[in-house]
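Please keep the structure open beside the text as you read.

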Amino acid sequence: MIFSVSVDLDGLGCYAAIHGLDAGALSERELQAVPVAAVSRLSELFSALRLRATFFAIGGEMGIPGSGRALRAAADAGHEVGSHSHAHDYALSRRPAAEIDADLERAEGAILEAVGKAPRGFRAPGYTLSRALLEAVRARGYLYDSSLLRRPTTRRRRRPSRCTRFEAGGAAASWAAPDSSSRAAARTGASECASCPSPRFRSCERR
Ligand SMILES: [Zn+2]
């Protein structure tokens, strides 16, 4: 069997930003959860399994105390360190070419400083690609891009709205399918789904 293991080192600050929360309210310990604690634990786990993985690191997170040391230790243990951009900006693929280039360059510099080696692989924030981003990656000499993932096969095709309601504590089956109000919104062509909890997800996408 051939398989590969990779980990995107999105820190809690990235998740706060996704949900419109204030990343500045996170403590240093919380900021270290991924680039320090998770890197060290996963590196130890992978070594125990005799498995070499790829960590896609965010350049901007290298400023978090202890993150450079943890990543260097992972690299010294034989794991690859790729770039997951500098700012983890989901709109990176839509930025002008000069801004894309500047972000990639900053990430490379931060990773090089941390582990002593420039990254040779790239994974886009949010797996969002564009021709401009791919061309920038190629032009900067990366060996590969790893931003496309196969979609797991599903047995049942679900109806098209991607608008779902998440209920804390509920079974996965209770939120894995579009709820009735998003299906109704899709049927009637309404632009908003009443059940979406965040203004960032107010619009129901339809295929
Ligand atoms: Zn990410």
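What follows goes from helix packing to a few individual residues and loops.

This is a predicted model, in which local features need pLDDT of at least 70, side-chain atom pairs count only at pLDDT 80 or more, and totals for chains, interfaces and linings use all residues. Residues are numbered from 1 along each chain as its sequence is written. Helices (H or I, at least four residues) and strands (E, at least two) are DSSP runs, numbered from the N terminus.

Let's begin with two helices side by side. Two packed helices are described by the angle between their axes and the distance between the axes. Helix α3 (residues 33–48) packs with α4 at an angle of about 15°, and their axes are 8 Å apart. Here axes are lines fitted to C-alpha atoms, for helices over the stretch in contact, and angles run from 0 to 180 degrees between N-to-C directions. That angle makes α3 roughly parallel to α4; angles under 35 degrees count as roughly parallel, over 145 as roughly antiparallel, 65 to 115 as roughly perpendicular and the rest as oblique. The crossing of α3 past α4 is left-handed, a term used if the near helix is turned anticlockwise from the far one by less than a right angle, with right-handed used if clockwise.

Which residues make the contact between α3 and α4? From α3 come Pro-35, Val-36, Val-39, Ser-40 and Ser-43, and from α4 come Ser-67, Ala-70, Leu-71, Ala-73 and Ala-74. Two residues are in contact if their C-beta atoms, placed from the backbone, lie within 7 Å. By class, this contact of α3 with α4 holds seven nonpolar, three polar and no charged residues. In that scheme Ala, Val, Leu, Ile, Met, Phe, Trp, Tyr, Cys and Pro count as nonpolar, Asp, Glu, Lys and Arg as charged, and the others, Gly among them, as polar.

Stay with α4 (67–76) for a moment. Its buried residues are Ser-67, Gly-68, Ala-70, Leu-71 and Ala-74. Seen down the axis of α4, these buried residues fall within an arc of 165°, so they line one face of the helix. The arc is that of the directions from the helix axis to the C-beta atoms. A residue is buried if 20 or more other C-beta atoms lie within 10 Å of its own, exposed if 12 or fewer, and partly exposed in between. The buried residues of α4 pack against α3, β2, β3 and α5. Gly-78 follows α4 and has a positive phi, near 105°.

Not counting residues up to four places away in sequence, Arg-72 touches Ala-114 and Val-115.

Ile-64 is partly exposed, with 19 other C-beta atoms within 10 Å. Leaving aside neighbours within four places in sequence, Ile-64 contacts Leu-31, Gln-32, Pro-35 and Val-36. Ile-64 and Pro-35 are 29 residues apart in sequence, yet 7.8 Å apart in space, C-alpha to C-alpha.

Next, look at the loop between β3 (80–83) and α5 (97–115), where you will find Ser-85. Most residues other than glycine have a negative phi, and most peptide bonds are trans. Phi of Ser-85, however, is positive, near 80°. His-88 lies in that loop between β3 and α5 too, and its phi is positive, near 50°. Ser-85 counts as buried, with 24 C-beta neighbours inside 10 Å, and His-88 is buried with 24 other C-beta atoms within 10 Å.

Our last stop is the pair α5 and helix α6 (residues 131–139), whose axes come within 10 Å and cross at roughly 45°. The two helices are therefore oblique to each other, and their crossing is right-handed. Ala-97, Ile-100, Asp-101 and Leu-104 of α5 meet Ala-132, Leu-133, Ala-136 and Val-137 of α6. This contact of α5 with α6 has seven nonpolar, no polar and one charged residues.

Within α6, Leu-133, Ala-136 and Val-137 are buried. Seen down the axis of α6, they fall within an arc of 100°, so they line one face of the helix. The face turned away from this buried side carries the exposed residues Arg-131 and Ala-139. The buried residues of α6 pack against α5, β4 (121–122) and β5 (144–145). Gly-141 follows α6, with a positive phi near 90°.
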